[in-house]
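Please look over the sequence and the three-dimensional view below before reading on. The report that comes after them takes up a few elements in turn.

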Amino acid sequence: MNELTIYQNVIDRLRERLGFDFMALAMEDAPSGYSVRWRVASGNLNNRFRRIILRSGRGIAGTVFKTGKPLLVPHVDPGRHVPGVLDYPIVNTEQLTSIAAVPLYDGGRVKGVLLGGYRDDHREMTEALCLEMAAASDSVPGFDGKELVSR
């Protein structure tokens with residue numbers, strides 16, 4: 001079983017367990033760490049997420065990757081442009097209305113980003129759900145996650 005298949009199985013189980021409409025895992029595109037790419041997704045509407053490549057500090061994954069801090073957007077309102085939020089291609093591609101993303105650490109360094117989201121306007125991501133997702137991230141192989149708990 002290859003690495004992406006293992007990640008896909010874990011993301012599928014996490015999405016079902018946490019009740020999200022969409023969940024994805026982003027990782028470094030190259031060892032340099034300057035670009036981040038969504039590697040696997042569950043509950044996706046299409047495969048466009050695979051073509052999204054972000055520089056560190058850009059987009060949801062790039063921002064979480066660079067800052068090492070979770071990102072929570074309880075309600076995305078396309079009618080009221082919040083600077084930066086609608087500039088996140090994954091939000092538009094997957095029609096997400098509420099998102100949370102948490103960093104995945106390995107050896108004290110961010111190595112990945114786990115994103116969960118809803119498409120239904122009646123469900124909003126909360127800080128409690130974000131923390132639950134962070135706690136569940138320790139089941140993603142290859143990441144130790146210990147640093148997140150202490151932040």
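## About the model

This is a predicted model, in which local features need pLDDT of at least 70 and side-chain atom pairs count only at pLDDT 80 or more, while totals for chains, interfaces and linings use all residues. Residues are numbered from 1 along each chain as its sequence is written, and side-chain values use heavy atoms, with hydrogens and water left out.

Helices (H or I, at least four residues) and strands (E, at least two) are DSSP runs, numbered from the N terminus. Buried means under 20% relative accessible area, exposed over 50%, and partly exposed in between, with a 1.4 Å probe and protein chains only. Because seven of the seven residues of strand 1 (residues 22–28) are buried, this strand is largely enclosed by the rest of the structure.

Two strands pair if DSSP finds at least two bridges between them. Strand 1 runs antiparallel to strand 6 (residues 109–118), to which six bridges join it, and Ala24 stands opposite Leu115 of strand 6. Strand 1 also pairs with strand 2 (residues 35–42) in the antiparallel sense, over six bridges, and here Glu28 has Val36 of strand 2 as its bridge partner.

In helix 2 (residues 59–67), the buried residues are Gly59, Ile60, Ala61, Gly62, Val64 and Phe65. Just after helix 2 comes Gly68, which takes a positive phi of about 75°.

Val91 belongs to helix 3 (residues 89–93) and is buried, with a relative accessible area of 3%. Although Val91 and Phe49 are 42 residues apart in sequence, they are 9.8 Å apart in space, C-alpha to C-alpha.
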